[in-house]
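Colleague: Please show me how to read a structure of this kind, one feature at a time.

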Amino acid sequence: MSAPFNERDPKVLGGSDAATRILSVTEIETPFVEDVYEKASLWYDWWFGPTLHAGRLESIGRLGIQPGDQVLEVGVGTGINASLYPDHCQVTGIDLSMRMLRKAAKRLGRRGVTNVRLQQMDAEDLSFPDDSFDVVYAPYTISVVSDPIKAVHEMRRVTKPGGRFVFLNHFLSTNRRIAWIERFISPVTVHVGFKADLDLPAFLVQAGLEPVSIEKVNIPRIFSLVICEKDD
Ligand SMILES: C[S@@+](CC[C@H](N)C(=O)[O-])C[C@H]1O[C@@H](n2cnc3c(N)ncnc32)[C@H](O)[C@@H]1O
């Protein structure tokens with residue numbers, strides 16, 4: 001499942017070309033991710049609820065959601081982020097894991113949220129037509145999916161021209177020592193739901209993205225909010 005970590009591999013070294021560098025030392029398949037999150041549904045809210053929440057709160061205000069907007073949340077999970085949208089927009093939340101979605105449905109019901117609908121779907125194969133949403137947002141999901149480039153191409157496809165597709169995520173540190181540790185632990189962290197070493201510059205180049213902004217968020221500020229716009 002995971003490629004062995006070889007620090008000397010030129011494709012792993014930070015100085016190598018972003019166009020050819022591997023995105024992460026770990027390779028995971030979608031059924032593996034689904035299985036991890038079916039299990040994680042039991043404890044996700046306890047750990048990833050509070051630790052990631054400052055980033056959720058900061059980022060949602062930066063999405064620029066306008067009254068009447070159609071919003072897609074990719075990897076809606078247990079609905080923690082989904083309960084934060086303004087009620088003047090219509091939100092669709094998709095996720096692979098039925099158990100995460102059941103928790104989300106309960107949360108939204110408890111809070112009386114009526115503008116969010118939930119669907120089981122694979123981020124790498126969205127069943128929506130092209131140009132469907134004003135804002136497509138993946139909070140803490142792009143380092144979770146098995147193929148981040150496929151997922152972001154799908155996010156871009158379903159964004160309306162002039163709309164935004166946005167991801168909030170932890171990426172590989174620019175500090176070489178920390179990056180070494182992140183690559184070392186990544187084959188372990190996938191078992192609790194994420195790759196610790198997704199390489200942002202390589203991801204942007206290989207996905208053909210030119211973000212309009214990249215901003216550090218959360219506490220500590222080791223997460224990035226990456227906002228991209230789809231050309232008209
Ligand atoms: C770290 S959680 C983020 C949940 C939520 N956005 C939040 O802020 O707490 C990532 C979610 O992405 C989902 N996921 C992983 N791969 C996916 C895929 N290919 N398609 C759809 N959802 C996926 C997982 O099941 C999990 O619920």
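Modeller: Helices (H or I, at least four residues) and strands (E, at least two) are DSSP runs numbered from the N terminus. The angle is taken between N-to-C directions, from 0 to 180 degrees, with axes fitted to C-alpha atoms, for helices over the stretch in contact. Contact means C-beta atoms, placed from the backbone, within 7 Å.

This is a predicted model, where local features need pLDDT of at least 70 and side-chain atom pairs count only at pLDDT 80 or more, while totals for chains, interfaces and linings use all residues. Residues are numbered from 1 along each chain as its sequence is written.

Colleague: Which strands does helix α5 lie across?

Modeller: Helix α5 (residues 148-158) lies across β1, β4 (133-139) and β5 (159-170), at about 150 degrees to β5.

Colleague: In what order do the strands form the sheet?

Modeller: Strands of a sheet pair through backbone hydrogen bonds, either parallel or antiparallel. Here seven strands make an open sheet, in the order β3-β2-β1-β4-β5-β7-β6, with mixed pairing. The edge strands, pairing on one side only, are β3 (116-120) and β6 (213-217). On average, neighbouring strands are turned by 20 degrees against each other, direction ignored. Two strands count as paired if DSSP finds at least two bridges between them.

Colleague: Which strands pair in the parallel sense, and which in the antiparallel sense?

Modeller: β1 and β2 are parallel, over five bridges, and Val71 stands opposite Val91 in β2. Five bridges also join β2 to β3, again running parallel; there Gly93 has Leu118 of β3 as its bridge partner. In contrast, β6 and β7 (residues 223-229) pair in the antiparallel sense over five bridges, where Lys216 is partnered by Ser224 in β7.

Colleague: Is β2 enclosed or open to the outside?

Modeller: A residue is buried if 20 or more other C-beta atoms lie within 10 Å of its own, exposed if 12 or fewer, and partly exposed in between. Five of the six residues of β2 are buried, so β2 is largely enclosed by the rest of the structure.

Colleague: How many residues does the largest nonpolar core have?

Modeller: A nonpolar core is a set of buried Ala, Val, Leu, Ile, Met, Phe, Trp, Tyr and Cys residues joined through C-beta atoms within 7 Å. The largest one has 57 residues, and Val71 is among those with the most contacts inside it. Beyond four places in sequence, the residues that Val71 touches include Ile65, Tyr85, Val91 and Phe133.

Colleague: Which residues come nearest to the ligand?

Modeller: Of the 24 residues around the ligand, Tyr37, Gly75, Gly77, Asn81 and Ala123 come nearest. α1 (30-40) and β2 (90-95) are the elements that give two or more residues to this shell. The largest share, three residues, comes from α1.

Colleague: Where is Asn81 found, and is Asn81 buried or exposed?

Modeller: Asn81 is in the loop between β1 (70-74) and β2. Asn81 is buried because 26 C-beta neighbours lie inside 10 Å. Leaving aside neighbours within four places in sequence, Asn81 is in contact with Arg56, Glu73 and Pro139.

Definitions and conventions: Contact = placed C-beta atoms within 7 Å. Near = placed C-beta within 6 Å.
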